[in-house]
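Colleague: I would like to go through this model with you, one point at a time. Please give the cut-offs as we go.

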Amino acid sequence: PVYTGPGTPITRIGEQQTYVFYKDGIETFVIRPGFQGKVDEFGMLIPFPTPPAIRKVPDHIFPHVAAAVDPPEVVIDLRPQPKFARALAGGAIAEKSNDLRFHDVKKDEVKVLKREAVGMYEVAVLAAGSAKALKKWMDEQGFKYPDGMDKVCNEYIDDSWCFVAVKTKVGQKDGV
């Protein structure tokens with residue numbers, strides 16, 4: 001249940017469910033937050049390498065996907081890469097970033113690439129010049145910037161990623 005009254009602002013009620021699918025060069029990311037609490041205290045900030053297309057999916061999709069997918073074992077190779085491999089990987093990333101239209105944001109600005117309502121959420125796709133500018137924009141627009149995330153956000157900004165900022169947006173009626 002989502003509510004706006006007194007009490008605990010927001011609590012985790014289960015694991016967040018996230019599924020990522022890749023087909024024909026398109027990556028699809030489906031997320032279901034695992035929270036309950038005051039609607040005006042909820043928000044998310046999600047980094048993406050390119051501006052995503054956003055749409056609402058029906059809630060019943062999650063049990064269907066969970067029943068169809070057996071999560072694979074993930075193996076991470078922690079051995080250092082040879083220098084030439086790092087250089088090749090870095091070059092590929094840099095070439096991709098140079099093609100993006102939102103990478104030229106000034107240090108003190110935020111570009112709104114898209115803003116729309118998706119279900120009960122207001123969603124903004126943003127390109128930021130710095131975490132400080134991102135925080136300022138989000139505060140001014142009523143989004144919740146995550147505390148202590150400046151360093152992480154700046155790392156994504158340095159790599160020319162954009163952000164999807166999400167907040168709840170529902171009408172207020174007495175007794176709701």
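Colleague: Which residue forms a salt bridge with E122, the closest N and O atoms being 3.8 Å apart?

Modeller: This is a predicted model, in which local features need pLDDT of at least 70 and side-chain atom pairs count only at pLDDT 80 or more, while totals for chains, interfaces and linings use all residues. Residues are numbered from 1 along each chain as its sequence is written, and side-chain values use heavy atoms, with hydrogens and water left out. A salt bridge here is a side-chain nitrogen of Lys or Arg within 4 Å of a carboxyl oxygen of Asp or Glu. At 3.8 Å between the closest N and O atoms, the partner of E122 is K167.

Colleague: How many residues apart are E122 and K167, and in which strands?

Modeller: Strands are DSSP runs of E with at least two residues, and helices are runs of H or I with at least four, both numbered from the N terminus. The pair links distant parts of the chain, with E122 in β8 and K167 in β9, 45 residues apart.
Both E122 and K167 are buried, where buried means under 20% relative accessible area, exposed over 50% and partly exposed in between (1.4 Å probe, protein chains only). To restate the answer, the separation is 45 residues and the strands are β8 and β9.

Colleague: Which helix holds both D139 and K135?

Modeller: The side chains of D139 and K135 meet in a salt bridge, 2.6 Å from N to O. D139 is partly exposed at 42% relative accessibility, and K135 is partly exposed at 34%. The two are separated by about one helical turn because they are 4 residues apart in helix α3.

Colleague: How many disulfides does a search of the whole structure find?

Modeller: The criterion is a pair of cysteine sulfur atoms within 2.5 Å. C153 is buried, with a relative accessible area of 4%, and C162 is buried at 0%. The search of the whole structure gives a disulfide count of 0.

Colleague: Which residues form a nonpolar patch on the surface?

Modeller: Such patches take residues with over 30% relative accessible area and no salt bridge, joining nonpolar side chains (Val, Leu, Ile, Met, Phe, Trp, Tyr) within 5 Å and like charges within 9 Å. Areas come from the Shrake-Rupley method with a 1.4 Å probe, and for residues only the protein chains shown count as cover. One member, V74, lies in the loop between α1 (61-68) and α2 (83-98) and counts as exposed at 67% relative accessibility. With about 390 Å² of accessible area together, the patch is formed by V74, I76 and L78.
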